[in-house]
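Morning, everyone. Please have a look at it first.

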Amino acid sequence: MNNKRKPLDERRAEIVEAGLSVAMREGVESVTVRRVAQEAGISLGTVHYCFDDKDAMLRAMGRAIAMRASEPMISALEVGPDRTTLAATAVDALLTGLKQHQHMRLLTFEFAVSGARTPVLREVAQAHLKQSIVMTREYLLRLAEVAEAKYRTDIDALSRTVAIRIDGIELAWMVDQDDAAARSAFADLTHDVFDDMQP
């Protein structure tokens, strides 16, 4: 076992990566502290030192998935304030991010289903949903700032609606792998967001 001293953040990141590897290969319900310790090549005590319990580890895994999914969208904001360009770039980023991280996105849906079915995982699934909405809110606020506009709709309500619509589009793509349909749905969503803006 590799028990060399590492900074806490670095060790936590390694544990999260090990947990994601186990979950993607064997399913969310296979993620146990013992299994993740084996995957990471560390002791059980090291995992417990880094995370209070399994739920804390699962929440960290959910955050890691959400961060990776948002990276293409954040990069898309760099094109400048032109709304037409921003909208087209957002659609490309949504589809690219989905295709690049499809195994991670599938894992988020597994978290959700497991959370709906299993009381032990429900808190983790709820935390992940809230986190997804918070990240969507942060992106929408940054988008409005770049576009030099503001929203007519309450930002909290808009963030929840956008996050849920993205999930629905992504889930449909997971089933049918229809890039054109997903692109069209993302374009409709992006149009609705920009249509909600005012100077």
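**Salt bridges and a helix crossing**

Arg25, Glu26, Arg35 and Glu39 are linked in a network of salt bridges. By salt bridge I mean a side-chain nitrogen of Lys or Arg within 4 Å of a carboxyl oxygen of Asp or Glu.

Some ground rules. This is a predicted model, where local features need pLDDT of at least 70 and side-chain atom pairs count only at pLDDT 80 or more, while totals for chains, interfaces and linings use all residues. Residues are numbered from 1 along each chain as its sequence is written, and side-chain values use heavy atoms, with hydrogens and water left out.

How many salt bridges does the structure hold? Eleven. Let me take three of them.

Start with Arg25 and Glu39. Their closest N and O atoms are 2.6 Å apart. Arg25 sits in helix α1, residues 8-26, and Glu39 in helix α2, residues 33-40, so the bridge ties together parts 14 residues apart in sequence. Helices here are DSSP runs of H or I, at least four residues, numbered from the N terminus. Arg25 has 49% relative accessibility, so it counts as partly exposed. Glu39 is partly exposed too, at 31%. The cut-offs: buried is under 20% relative accessible area, exposed is over 50%, and partly exposed is in between, with a 1.4 Å probe and protein chains only.

Next, Asp179 with Lys99. The closest N and O atoms are 2.5 Å apart. This pair links distant parts of the chain: Asp179 is in helix α9, residues 179-195, and Lys99 is in helix α5, 80 residues apart. Asp179 is partly exposed at 26%. Lys99 is partly exposed at 37%.

Third, Asp192 with Arg165, at 2.9 Å between the closest N and O atoms. Asp192 is in α9 and Arg165 is in helix α8, 27 residues apart.

Now the helix pair. Helix α5, residues 83-100, packs against helix α8, residues 155-176, at about 50 degrees, with axes 11 Å apart. Axes are lines fitted to C-alpha atoms over the stretch in contact, and angles run from 0 to 180 degrees between N-to-C directions. The two helices are therefore oblique to each other. Oblique is what remains after roughly parallel (under 35 degrees), roughly antiparallel (over 145) and roughly perpendicular (65 to 115).

Which residues meet? From α5, Leu94, Leu98 and Lys99; from α8, Ile166, Glu170, Trp173 and Met174. Contact means heavy atoms within 4.5 Å.
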